[in-house]
Amino acid sequence: MARAASAQKICPLLSIDDFVAGLRKLREADFSGIEGALQYMRRRRVDPESLQPYLFWNAQHYTRNLIDKTELYELLAICWEAGMKSSIHNHKGQNCWMAAPIGRLAVQNYRLISEDLAAHSCNIVPTDVVHMTAENPVAVDPLNPVHDVRNRREWKQRAVSLHLYSRPFDSCIVYSVEQGTCGEIGLGYTSMYGKLCA
Ligand SMILES: [Fe+2]
């Protein structure tokens, strides 16, 4: 379950390079719970212009664009055309923080009632929705981590979200409410460090 930040305030814009430079100064403890990195994101807004080298668009699917990766974390920009949504997924036990420097996104949370990965079966139910914007970063609740992300068609605008994951992970479990199924999928990048992947 993603939680909205409780306090909102207007923070100065900084470039993605400066945002990354600050991230690299955080300690391991800032990533082991959700509060440290959430505070970091709540006190900064990334200048959308500075994200341009990392933005790649695809009319069929959202794109995953790697900005920075260390042993502790990875930082991605995800580009969403209007109407796009992710699968319902978890984060393989890793922490996740998100903000939307461009546009807005809805995070639909789910409660996982049961899961049998070997049998590819699950029982999940939708719970609450939180809205993610530049001023309102959210953290995924490690106790209820299953969610999807939506750029609603009626908003009629593109969105770009920044996703900070700790530690990096390259697969996750996806779920279907209607079919009661689940399964593991691999995760790749559309681009890395501003260059399209083959
Ligand atoms: Fe996610």
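In this predicted model, strand β8, which covers residues 105–116, pairs with β11 in the antiparallel sense over four bridges. Within this pairing, Ala106 stands opposite Arg150 in β11.

**Strand β11**
- Strand β11 runs over residues 147–150, and its side chains point two ways: His147 and Val149 one way, Asp148 and Arg150 the other.
- His147, Asp148, Val149 and Arg150 are all buried.

**Iron site**
- The iron ion is coordinated by the NE2 atoms of His89, His91 and His147, at 2.1 to 2.2 Å.
- Along the sequence, these donor residues follow the spacing H-x1-H-x55-H.
- His89 has a relative accessibility of 12% and therefore counts as buried, the limit being under 20%.
- His91 also counts as buried, because its relative accessibility is 3%.

**Largest pocket**
- The largest pocket has a volume of about 280 Å³.
- It is lined by 22 residues, of which Tyr62, Arg64, Ser86, His89 and Leu187 are the closest to its centre.
- Two or more lining residues come from each of β5 (74–80), β11, β12 (159–166), β13 (171–176) and β14 (181–186).
- By class, the lining consists of eleven nonpolar, nine polar and two charged residues.

**Links between the topics**
- His89 is a donor to the iron ion and is also among the residues closest to the centre of the largest pocket.
- Strand β11 pairs with β8, and β11 also gives two or more residues to the pocket lining.

How values were computed:
Residues numbered from 1 in each chain as written. Predicted model: local features only at pLDDT ≥ 70, side-chain atom pairs only at ≥ 80, totals over all residues. Heavy atoms only, no water. Donors = N, O, S within 2.8 Å, 3.2 Å for Na, K, Ca; no water. Buried < 20%, exposed > 50% of the residue type's maximum accessible area, 1.4 Å probe, protein only. Pairing = 2+ DSSP bridges. 1 Å grid on protein atoms, 1.4 Å probe; cavity = no way out; pocket = protein on both sides within 12 Å on 5 of 7 lines; lining within 4 Å. Points joined across faces, edges and corners; volume = space filled by probe spheres on them. Nonpolar A, V, L, I, M, F, W, Y, C, P; charged D, E, K, R; others polar.
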